[in-house]
Each structure stands twice: as C-alpha cells, then as structure tokens.
Amino acid sequence: MSDTAGTSSIDVRALRRAEFPWADETGAVYLNCASTGPLPERARRAIFEHLARACNPNHEFYEEHREIPAQARRRCAELIGALPDEIALGFNTTYGLNLAATALPLERGERVLLLDGDFPANVYPWLNLERRGVQVEFVACDERGLPNQEAALDRLARGDVRVFSISAVSFSNGYRLDLDAISRECQRHGTYLVVDGIQALGVVPIDVSATRIDILATGGQKWLLSPQGSGFAYVRRDLIDRLDPVAVGWLGFKASQDYGDLCSYALDPLESAARFELGSLAFASLHALNHSLSLLLELGVPSIERHVRAVQQPLIDWVAARGDLEWVSELSHERRSGILAFRAPEPDRLGARLRSAGLTVSIRQGAVRVSVHAFNCREEIEKLISVLEAALEA
Ligand SMILES: Cc1ncc(COP(=O)(O)O)c(C=O)c1O
C-alpha cells in the first residue's frame with residue numbers, strides 16, 4: 001500500500017451505527033456524495049421534529065426562526081474559518097454564485113475567467129453578464145481533460161482579469177485546485193476570487209482565514225450531508241460594503257429586525273453578510289444543516305479527509321494492478337479529493353450492473369465516478385471491486 005493511503009482515526013463502525021444505520025441494515029453501498037449526500041440520523045431527527053412542530057400552528061416560531069439561522073451562520077463560519085458575520089444563508093450554490101456575478105463591481109469590457117469543464121452552475125451566471133458587455137473567457141483543459149491550473153495562473157499573470165471563478169474540486173474528476181497559489185496570484189493582480197465549494201466542503205478542508213477568497217458559494221446537499229434547499233455564501237468582511245446586489249430581501253435591513261414596527265422602510269442594510277439573504281429562509285433545511293455540521297465538526301474535516309484517502313486506496317491499487325482501466329482523476333496527494341473517476345468500457349452498462357448489485361456510484365462525462373465519505377469503509381470498496389471485476393469479465 002502506498003504512503004498516500006494514510007490511516008483513519010474515525011470509528012466508522014460506531015459512526016454507521018449511530019448516524020447511518022441503513023448502511024449496515026440494508027447492505028446497500030452508497031458511493032455517491034458528489035451527487036447527493038445522505039442525512040445523518042441526528043439531522044433526520046431534527047428535521048422531523050421541526051416539521052412536526054410546524055404541523056401545529058399554535059406554536060411560537062419567532063425565536064426558532066431567529067436561532068436556526070444564527071446557529072447556521074456560526075457553524076458554516078466554523079467550517080471554513082470565517083466569522084459568522086461573513087456568512088449569508090441561501091438555498092444552494094447557485095444563490096452564492098449569482099450573488100457574486102451580480103454584486104461584484106464588474107464593468108462593461110471587463111473580463112471574467114472560468115475553467116472549461118466546470119459545472120454549469122458556475123458558468124451560466126457569468127455568461128449571463130455578456131449581455132451587459134462583460135467578457136467571459138475559458139481556460140482550456142489540459143491534454144488529459146483536467147482543469148489546467150498552470151495555464152490559468154499564466155493567464156491571471158497578464159493582469160487583466162477582474163474575476164476568476166472556480167470550483168475548488170471538479171465535479172467530474174475530483175481535481176482539487178491549489179487554492180493558495182491561485183489566491184496569491186489573484187491578490188497580486190487585484191482579481192476577485194470566487195470559489196464554488198460544493199464538491200470540497202465537508203471532505204476537503206478550506207480555511208478562508210489562511211487562504212484569501214472573496215466569495216465562496218455552496219449548497220449543503222452533497223458532502224455537507226444536508227437537505228436540498230440548504231446552502232450558504234461566504235463574503236469576505238472587507239467586501240460586504242462594496243457589493244451592490246441586484247436582489248435584496250426585507251430581512252437584510254435593520255428596520256426589519258423589529259417585527260412590531262416594520263414599515264419605516266429605512267434603506268439601511270445590516271452590517272453583516274446577512275444583508276444578502278433573501279427573505280424567509282428554508283428553516284427546516286437549515287435546522288438539519290446545523291445538525292449535519294455538528295457531526296462534521298465533531299469528526300473534523302482533516303480526519304474525514306484522511307479516512308477517505310485510506311478507504312480509496314484499495315480502488316487505486318486495483319486499477320493500477322489491472323492496467324486496462326484509465327484514471328481520469330489526478331491521484332497525487334495535493335490534487336486528490338473525495339471523488340475518484342476512471343474510464344472503463346461501456347460505463348453506462350457498468351453503472352447499471354453496480355446498481356443492480358446494490359452499489360450506487362455515478363457516471364459522469366463517460367467515466368465511473370466514485371465518491372467516498374466518512375461513513376464509507378474499505379469493505380465497501382472491496383465489494384465495489386469484486387462487482388466491477390465480474391462486470392468487466394462478462
Ligand atoms: C461544482 C458544482 N457546483 C454546483 C452544483 C449544484 O449547484 P446547486 O447547489 O446550485 O444546485 C454541483 C452539482 O450539482 C456541482 O458539482
């Protein structure tokens with residue numbers, strides 16, 4: 001086993017028993033958090049209790065509807081090394097990416113740089129600005145079809161890029177960008193750095209106190225093990241005042257904080273990034289997000305990452321030993337994430353075979369994409385390998 005395998009400090013048996021009981025009860029193998037992550041038991045209980053309370057309208061929701069978002073801002077901030085005041089709660093990744101695209105100071109003729117092959121959520125909000133005369137330019141993938149970070153750094157060095165918007169981890173191949181190097185280059189040239197964090201957060205550490213990012217956007221529905229409809233944007237403190245959002249919500253203004261006196265309409269936004277929130281939030285989803293984040297913070301993202309690498313290793317060794325399959329993912333320590341993708345003949349047929357054997361992966365861009373999270377164990381990867389062996393022989 002190579003030295004990148006590492007060891008896991010997560011007691012995965014106990015974790016599965018307490019938080020993911022279906023995994024052992026059903027024997028189903030879920031290797032697909034890059035599509036949708038399962039809720040841990042604590043989040044399931046919390047959302048059910050919340051919804052049960054919501055069924056009885058004779059209940060005072062005022063405090064709950066203040067405390068849930070406040071706790072969510074604290075926990076999201078803790079996850080990424082931010083301040084709670086730098087968090088705006090939203091509904092998905094698209095919310096934060098549109099905030100970036102519509103509120104950053106971007107003039108006609110100025111340039112946005114993107115990476116070819118990125119997920120469309122991080123493309124359309126920028127292409128939509130072309131109507132206003134903003135220029136959108138793509139950095140082509142490298143010869144293996146991976147994000148070409150070196151070419152992007154060279155392009156940034158020309159000094160005429162106003163915004164660089166990237167996914168920290170690529171959805172299709174798991175390529176993890178060097179955010180530190182990119183951030184340094186962006187700072188050198190006054191380029192705003194926008195990061196889509198949805199394929200990283202929860203499994204790959206991102207610390208905005210160490211790596212300067214201007215705006216980070218994520219949904220909670222993948223590696224954060226949270227419901228659809230949960231998500232947040234981080235906005236760097238110094239930028240909050242300089243953003244000019246197209247859409248505003250009534251709760252983003254100081255005059256709306258006292259429900260007894262709502263009609264002064266004073267156009268004075270909150271000091272914090274909560275000024276970018278768009279009215280009433282998805283409280284049930286955020287309540288569950290709070291519980292999922294408590295689990296991830298308890299486990300610690302660096303421990304989850306070590307665990308994921310240890311669980312991935314048998315798959316890496318197996319592909320190397322066979323010699324007839326081709327990695328799409330870059331396997332080096334620095335560029336690896338929770339996603340591994342490899343090319344195999346007839347990927348759709350393989351995907352169907354795996355599904356009928358009770359294993360869930362996904363097929364993306366013609367490759368088998370395997371996502372490993374904290375609740376997965378090596379035995380599951382061994383089962384994946386044996387089903388793949390049989391399917392490839394057939
Ligand atoms: C990189 C990336 N960004 C965004 C999304 C989803 O965006 P949203 O949360 O807005 O649905 C996905 C996957 O669904 C993704 O892989």
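Good morning. Arg-16 forms a salt bridge with Glu-380, and the closest N and O atoms of the two are 3.1 Å apart. I begin with this pair because Arg-16 belongs to helix α1 and Glu-380 to helix α12, residues 378–393, so that the bridge ties together parts 364 residues apart in sequence. Please keep in mind that we are looking at a predicted model. In total, the structure holds 27 salt bridges. As a general point, side chains of opposite charge can pair when their charged atoms come close.

Let me turn to the overall layout. The protein chain is divided into two domains: domain 1 covers 12–30 + 300–393, and domain 2 covers 46–298. Between the C-alpha centres of domain 1 and domain 2 the distance is 28 Å. To the contact, domain 1 contributes 29 residues and domain 2 contributes 25 residues.

How much area is buried between domain 1 and domain 2? The value is about 2,100 Å², with carbon and sulfur atoms giving 59% of it. On the domain 1 side, the residues that lose the most area to domain 2 are Val-301, Arg-335 and His-373, which together make up 29% of what that side buries.

The interface also has polar links. Two salt bridges are counted between domain 1 and domain 2. Elsewhere in my notes I have the pair Arg-144 and Glu-330, whose side chains meet in a salt bridge at 3.1 Å, N to O. Twelve residue pairs are in polar contact across the interface of domain 1 and domain 2.

Which elements build the domain 1 side that touches domain 2? At least two residues each come from α1 (12–19), α10 (301–322), β10 (339–343) and β13 (367–371). Helix α10 supplies the largest share of that side, six residues. Sorted by class, the side of domain 1 that touches domain 2 comprises twelve nonpolar, seven polar and ten charged residues.

I close with the ligand. Among the residues that surround the ligand are Asn-92, Thr-94, Phe-119, Ala-121, Ser-167, Phe-171, Asp-196, Ile-198 and Gln-221. Thr-93, Gln-199 and Lys-222 also belong to these surroundings, and I shall take them in turn. Thr-93 places a polar side-chain atom 2.7 Å from an oxygen atom of the ligand. For Gln-199, a polar side-chain atom lies 2.9 Å from a ligand oxygen atom. In the side chain of Lys-222, an N or O atom is 2.8 Å from an oxygen atom of the ligand.

Thank you for your attention.

Conventions: Residues numbered from 1 in each chain as written. Predicted model: local features only at pLDDT ≥ 70, side-chain atom pairs only at ≥ 80, totals over all residues. Heavy atoms only, no water. Domains from an automatic or database assignment. Contact = heavy atoms within 4.5 Å. Buried area = accessible area lost by both parts, 1.4 Å probe. Salt bridge = Lys/Arg side-chain N within 4 Å of Asp/Glu carboxyl O. Polar contact = N/O pair within 3.5 Å; in protein donor to acceptor, adjacent residues only side chain to side chain. Helix = DSSP H or I, 4+ residues; strand = E, 2+ residues; numbered from the N terminus. Nonpolar A, V, L, I, M, F, W, Y, C, P; charged D, E, K, R; others polar. Near = heavy atom within 4 Å.
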